[in-house]
Amino acid sequence: MDETKPFRLTESVKAAGCASKLSPAALEAVLGKLARQHDPNVLVGFDHADDAGVYKLGPSTALVQTVDFFTPIVDDPYVFGQIAATNALSDVYAMGGRPVTSLALVCFPEKGDLAILERIMAGGLSKMIEAGCTVIGGHSIRDDETKFGYAVTGLVDPARVLTNAGAKAGDRLLFTKSLGTGVISTAIKRGVAKQAWIDAAVAAMTTLNKTAAEVITGSAELRSAGQVRTPAPTWAVHSLTDVTGFGVIGHAREMALASNVSLRFYARRIPLLEGALECVRAGYIPGGLKANREFAECMVEYENGISDEVKTILFDPQTAGGLLISVAAEDAVELSRALTAAGVPAVEIGEVCPKAKPLIAISAR
């Protein structure tokens, strides 16, 4: 009888997906000391703590640039590639842009099975094709831990860039995916995740934010034509970000600080993936979640009646997470309906408040 243990991607790395990122505290400590370059064409730079950089090329065109790669979050190589691509593309969508080209980033063991690498890259390519984004090259290095992702370049109208700044008091907060990929990926790594949990997490992590972004920007009808300038949407979206490695609280913190406002979330309305709370109760907590909580919880105040499991999941590092949208109150219902009609499960999970303490309040309702 062959008792050879099958190879599992998630067992070959210390941390999975966006949970493998450096802590927000470490990044803030380093980036805060770097000199700022003064270029008037930089519309969004690294000092903005935003999802991607934006560089103006002309009156109607700007580049959106981002890079994202990480360790395996699932054991299927093809699905891992799909998730890595979906995650990398998301930052361009979060700026209101259209992905155009990408470069693959590969770290792979020197003596690794090349059939596995082929499947990873094929999965990534499938999502790039779905996004209409052309892979034009890449770079690879030998590494004991497998890592994969992309540098993505997109286009956006400079007058229509969406950032994590601009949220206004009275806005409603919509969210387009469910939380829990971090804790579920930890359960996958330990070999204890139920198949239903894996299926739900994979479905979320392989769903592009393309449709959501097109609805938000009102540009779905122009994407196929390859145009950059788009008609004004019928709703006032003031701020946009995707929720990834720093969790919903970490990215909400960035939105609140950049917009000089406070945010209130409704705990019972925040959508959770099947199995997410079970994973928290069982202690399947990624290191990235702990780092997020240590960094940002000092700015959070909870109403009575919120369980520790729910508090914990708010800091869960998401991979290929949903879009957090700050939209004018009078447009929230219409935008939510438009997203839902397009197949995007948008939920109103909070509101924007005037700047006050705490920066982020979590309501029990």
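Colleague: Why does Gly 343 count as exposed?

Modeller: The relative accessibility of Gly 343 is 60%. Exposed means over 50% relative accessible area, buried means under 20%, and partly exposed lies in between (1.4 Å probe, protein chains only). At 60%, Gly 343 therefore counts as exposed. This is a predicted model, where local features need pLDDT of at least 70, side-chain atom pairs count only at pLDDT 80 or more, and totals for chains, interfaces and linings use all residues. Residues are numbered from 1 along each chain as its sequence is written, and side-chain values use heavy atoms, with hydrogens and water left out.

Colleague: Where is Gly 343 found?

Modeller: Look in the loop between helix H12 (329-341) and strand S12 (347-354). These labels are DSSP runs numbered from the N terminus: helices are H or I with at least four residues, strands are E with at least two. From C-alpha to C-alpha, Gly 343 is 8.6 Å from Ala 212, while 131 residues separate them in sequence.

Colleague: What makes helix H10 largely enclosed by the rest of the structure?

Modeller: Helix H10 (residues 287-296) has 10 residues and seven of them are buried, so the helix is largely enclosed. Among the buried ones are Leu 289, Asn 292, Arg 293 and Phe 295.

Colleague: Why are S1 and S5 called edge strands?

Modeller: They belong to an open sheet of six strands, in the order S1-S2-S3-S6-S4-S5, with mixed pairing. Strand S1 (42-44) and strand S5 (134-142) each pair on one side only, and that marks them as the edges. Inside this sheet, S2 (residues 53-58) and S3 (residues 61-70) are antiparallel over five bridges, with Tyr 55 opposite Leu 63.

Colleague: Why is the pair of Phe 148 and Tyr 150 edge-to-face?

Modeller: Their ring centres are 5.1 Å apart and their planes stand at 75°, so this pair is edge-to-face. Phe 70, Phe 80, Phe 148 and Tyr 150 form one aromatic cluster.

Colleague: How do you know that Lys 311 lies over the face of Tyr 302?

Modeller: A charge sits over a ring if NZ of Lys or CZ of Arg is within 6 Å of the ring centre and within 35 degrees of the ring normal. Lys 311 lies over the face of Tyr 302, at 4.7 Å from the ring centre.

Definitions and conventions: Two strands pair if DSSP finds at least two bridges between them. Rings of Phe, Tyr and Trp (its six-membered ring) pair if their centres lie within 6.5 Å; planes under 30 degrees apart count as stacked, over 60 as edge-to-face and the rest as tilted.
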